[in-house]
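I opened this entry to keep track of what I looked up.

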Amino acid sequence: MTPLFRFVFDTLDARLRLRGPAREVLNKVFPKHWSFLLGEVALFSFVILVLTGIFLAMFYRPSDDPIVYTGSAELFRGRTLPGAYASIVELSHDVTGGLLFRRIHRGAAYLFVASALAHLLRILLTGAFRRPREVNTHIGTTLLILVIALAYTGQNLVFDLLAGSSLRIGYATLGSVPLIGESLIMAVFGGAYPGQVVPRFFALHVLILPAMLAGLLTLHLVLVARQRHTQFPVKGVDAQRYVVGAPLWPSQFAASTTLALVVGGVLAAFAVLVPWSDFDLHGPLVVGHASNAGHAEWWLFYVQGAITLFPAFDWFFPGFAVTHMFVFGTVLPLGLFGLLYAYPFIERRLADYDADIDNHLCSRPLDVPVRAGLVFAMTTFVTVLTVATTNDVLARGLRVPVEAVMWTFRVGVVALPLLVGWAAYARARAQVRRRQAAKPATVEPSTKVPA
Amino acid sequence: MSAVRGLLGWSGLAAVIALVWIGVSAGGPVRADVEEDPPEQQSLRGDTLYSNHCARCHGADGTGGSNELSPPLVGMEAARVDLVLRTGRMPPAREDGSGQGDIEWDDDNREVLLAHLTAVFDLEGSIPSPEEGEAAVGREVFAKHCAACHGYTGDGGVGGAGAFVPRLLGLDPVTVAEAVRVGPFQMPRFAEEQVSDQDLGHIVAYLEEVAAEEATLLNLVELNPVFLAAFVGVLAIAMLFSCLWIAGRVTMFPDAAPTAADAAETEGGDA
């Protein structure tokens, strides 16, 4: 400790009593496993998103009023564009570093969603959602919804032709809700498509949703610290009782700093190599225009896949209608998130372990048969829907009619989840039986865990 | 000093070679222009081309064959005939894959054949020639009339029922103009009230601008979301390996939970 730091610290400590809490925080033990870093990747992506987002917000014009673009972009000079789109053209072409920041922001958003999903899978597969962590699991699921809401609002602020299609589908999905559809549209869009979407999404994207996310994320992390981290079994240690790992200072601090630098570096490298967010050719949103080969963003592929794959129908009842769009564009995604919220309780009922004690040990993906079956089946279901969205690209690449590709996926979306889920379940069952046969008298240390 | 003179000597040699090369390559087309065929000979060549490469299906008198794949040529639009010749759809590739007949279908052969067909079979209309246009206007015309099928980047896509929408980048301006006016295959025909001759020039200018888009080091320009998703996959894999590297272990998941024997051993050790 340098004398200056000692002086500052001692002076502050004499007044604020920092020494005790600081020591507790610095000595906090972090168990070591690669999968525990997935959540950290999401955290660092968020930090990068906030930093680049502040830069972008300074140039964005949150309005779709038409203005004449006068910058240097050949494709738009002298043309009338929606204000939001024009401001981003200007940011990309006429502001030094603008395009780079936009690409990093876009890449970080993709990484944010991807790492949040990977983190979710880790929690599900290792059983980290069990008592006493159900509350934090639900906070995590809510965070994922916020992440997706942020990604959706951000993607549509660009106001290009792709955003137009994406907004149109969102509009149709909201409107498909029986009885309250029109009210929902008024609440979100404030009028007929595209409505007041730009200023509203701007407020949501730069203020309301990030504030909610930051607050909930803090709670998420405080609870992780308070409830301590789960860990994998350590040979010769009662890991239910003792946490084995490295302290926050200096080991985990060094590891996390390295990871943060790697995340930043990888995102910067990708921003140079991959034109994530270039949109000159898309052109601005014009009501009535659409493009072939347009798709949702990848994290919405599964919704697009569901709308595309499942056959269309409309059921009319007196006073309202239940449509294909409602069932597969609204109920299905909501149902998936409902399942995520419900899963800790489902497993309590179905699994044959003592769910009323605190579990601090991670299990491996195939340790609990019910869980393995369900998680693998649902993951496969969402994956098949995701891949089904690419049917036009696949059809073109394989030179087969797109209808043939569709029917293949229709069979796949039913058969593959069942097959994979059953295989995972069977494999896990066999593994459990083998282990039970190997050690008939299992020591069960978890019954005497202190609170 | 001698080094400088040596350098001068070499550059002088290079200049001579360059001049000779330019002279030789410039000489080619000039010679060809001189040997322009007389009209009768051109007509004869056209007739030979037709009977060698077209007549088997379309008939010697151009009245067409037995099925819809060999339509009658008499009275067809000249632009349609020129379009299928320009895009290489006709004459069809041979079954053994050896290409379109024994000759090279260059501009010269195509023009001779077309002139012959126009004269003999009364082909209608003329070949459109798009004028100079403005890419910024072309982008708007393209978004309105073309993007719904060809995609905003002109990359094409699927059309349903086994039909595919072709990629437009790299086509020559006349081909694009002909297609707009003629409406080949499933494509609708656009009359001058919908897409003016001026607009045709704008569209062509836009497509040229798209082809000239600045690419990244990986030679990528604006990506379809499907290909973007693939790069997100690459990004995810890069991060996964980073996590494995930083966590300092390569095993995905540790071995089974400690067995009873392990626990007993530990307790024995403590005692």
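I started with the secondary structure of chain A and found 15 helices and 6 strands. I am working with a predicted model. I next looked up the extent of chain A. Its C-alpha atoms fill a box of roughly 75 × 65 × 45 Å along the principal axes. Chain A has 451 residues, and I note 42% of them as buried. Then I checked how far apart in sequence the contacts reach. Among contacts in chain A with a separation of 6 or more, 74% join residues 24 or more positions apart.

**Helix pair in chain A**

I turned to helix α3 (residues 38-57) and helix α10 (residues 248-273), both of chain A. They pack at an angle of about 55°, and their axes are 10 Å apart. That makes α3(A) oblique to α10(A). I also looked up the hand of the crossing between α3(A) and α10(A), and it is right-handed.

Which residues of α3(A) meet α10(A)? I listed A:Glu40, A:Val41, A:Phe44, A:Ser45 and A:Ile48. On the α10(A) side I wrote down A:Ser256, A:Leu259, A:Ala260, A:Val263, A:Gly264 and A:Leu267. I sorted this contact by class and got 7 nonpolar, 3 polar and 1 charged residues.

**Hairpin in chain A**

Next I took strand β5 (residues 314-317) and strand β6 (residues 320-323) of chain A. Their pairing is antiparallel and runs over 4 bridges. I picked A:Phe316 and looked for its bridge partner in β6(A), which is A:Ala321. β5(A) and β6(A) form a hairpin, with 2 residues between them. In the turn I checked A:Gly319, whose phi is positive, about 95°.

**Contact between chains A and B**

How many residues does each chain give to the contact? I noted 63 residues from chain A and 56 residues from chain B. I then asked which elements of chain B give two or more residues to the side that touches chain A. The helices are α6 (135-145), α7 (147-150), α9 (197-211), α10 (225-247) and α11 (260-270) of chain B. The strands are β1 (157-160) and β2 (163-165) of chain B. The largest share of that side comes from α10(B), with 15 residues. By class, I recorded 38 nonpolar, 11 polar and 7 charged residues on the side of chain B that touches chain A.

Definitions and conventions: Residues are numbered from 1 along each chain as its sequence is written. Chains are lettered from A and ligands numbered from 1 in the order in which they are written. This is a predicted model: local features need pLDDT of at least 70, side-chain atom pairs count only at pLDDT 80 or more; totals for chains, interfaces and linings use all residues. Two residues are in contact if their C-beta atoms, placed from the backbone, lie within 7 Å. Ala, Val, Leu, Ile, Met, Phe, Trp, Tyr, Cys and Pro count as nonpolar, Asp, Glu, Lys and Arg as charged, and the others, Gly among them, as polar. Axes are lines fitted to C-alpha atoms, for helices over the stretch in contact, and angles run from 0 to 180 degrees between N-to-C directions. Angles under 35 degrees count as roughly parallel, over 145 as roughly antiparallel, 65 to 115 as roughly perpendicular and the rest as oblique. A crossing is left-handed if the near helix is turned anticlockwise from the far one by less than a right angle, and right-handed if clockwise. Two strands pair if DSSP finds at least two bridges between them. A residue is buried if 20 or more other C-beta atoms lie within 10 Å of its own, exposed if 12 or fewer, and partly exposed in between; C-beta atoms are placed from the backbone.
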